[in-house]
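Welcome, and please open the model in your viewer. We will go from one selection to the next, with a short note at each stop.

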Amino acid sequence: MRPWREGPGDRRSYHHGNLKEALIEAARRFIAERGIGGFTLVDAARLVGVTPAALYRHFRGREALLEEVAGRGFSDLAERLARALAGRGTPLERFTRMGEAYLAFAEEEPGYYAAIFEVRGAAAPAHAPDRPNPFDLLVEALRATFPEGFNGVDPRFLALEVWALSHGIATLSAAGQLPKSGPDKYELLRAGVLALVHGAGERVKPTP
């Protein structure tokens with residue numbers, strides 16, 4: 001992977017205070033292309049064409065940079081989900097579009113997506129405490145879509161199941177492990193979500 005010659009990593013922009021943004025973009029790009037496992041600050045420095053020592057003016061270390069990337073990713077994902085939730089159509093149609101937006105984000109922003117699930121506590125990024133996180137949006141959408149509830153099942157529990165399903169499908173799709181024939185990932189997610197929410201309504205609360 002060669003150093004950038006133009007764009008956010010252009011050396012000419014560092015004199016104007018853009019090194020931090022260039023490092024964040026370098027990390028996102030590296031993770032998207034090579035995965036998060038081997039990412040180091042040296043990699044980010046090499047991509048933007050500076051010495052590793054220059055990075056510590058902006059980040060304490062690798063984890064701090066990853067936390068920033070994860071926070072940016074969560075903000076992007078939350079904005080996409082919020083747009084889907086606020087769009088036209090019935091509550092069920094909007095809820096379905098949220099799932100589609102989630103899968104699209106995982107495909108279009110693999111660097112952000114990987115960082116989100118690497119960094120602990122990224123569900124409430126410190127840099128944007130006033131923004132709802134994706135999980136809260138999912139719970140809100142479930143309550144709006146199914147106001148009658150789920151036979152006593154906590155919507156937050158069901159939201160975790162829906163998120164786990166979405167994450168599983170996104171991960172399998174990225175790895176090329178979904179069947180070549182049959183329904184695509186969007187159809188799989190829609191069918192899975194409907195099965196979860198309708199099944200939840202039929203569950204019986206356990207006896208204390």
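Select Y102 to begin: this residue is buried, with a relative accessible area of 5% (buried means under 20%, exposed over 50% and partly exposed in between, using a 1.4 Å probe and protein chains only). The model is a predicted one, where local features need pLDDT of at least 70 and side-chain atom pairs count only at pLDDT 80 or more, while totals for chains, interfaces and linings use all residues. Residues are numbered from 1 along each chain as its sequence is written, and side-chain values use heavy atoms, leaving out hydrogens and water.

Next, show the rings. A search of the whole structure finds nine aromatic pairs (rings of Phe, Tyr and Trp, the last by its six-membered ring, pair if their centres lie within 6.5 Å; planes under 30 degrees apart are stacked, over 60 edge-to-face, the rest tilted). The ring centres of Y102 and Y113 are 5.8 Å apart with planes at 80°, so this pair is edge-to-face. Y102 lies in helix α5 (residues 91-108) and Y113 in helix α6 (residues 110-116), so the pair ties together parts 11 residues apart in sequence (helices are DSSP runs of H or I, at least four residues, numbered from the N terminus).

Then move to F30 and F39, both buried. Their rings form a tilted pair, 5.5 Å centre to centre with 55° between the planes.

Methods:
Helices (H or I, at least four residues) and strands (E, at least two) are DSSP runs, numbered from the N terminus.
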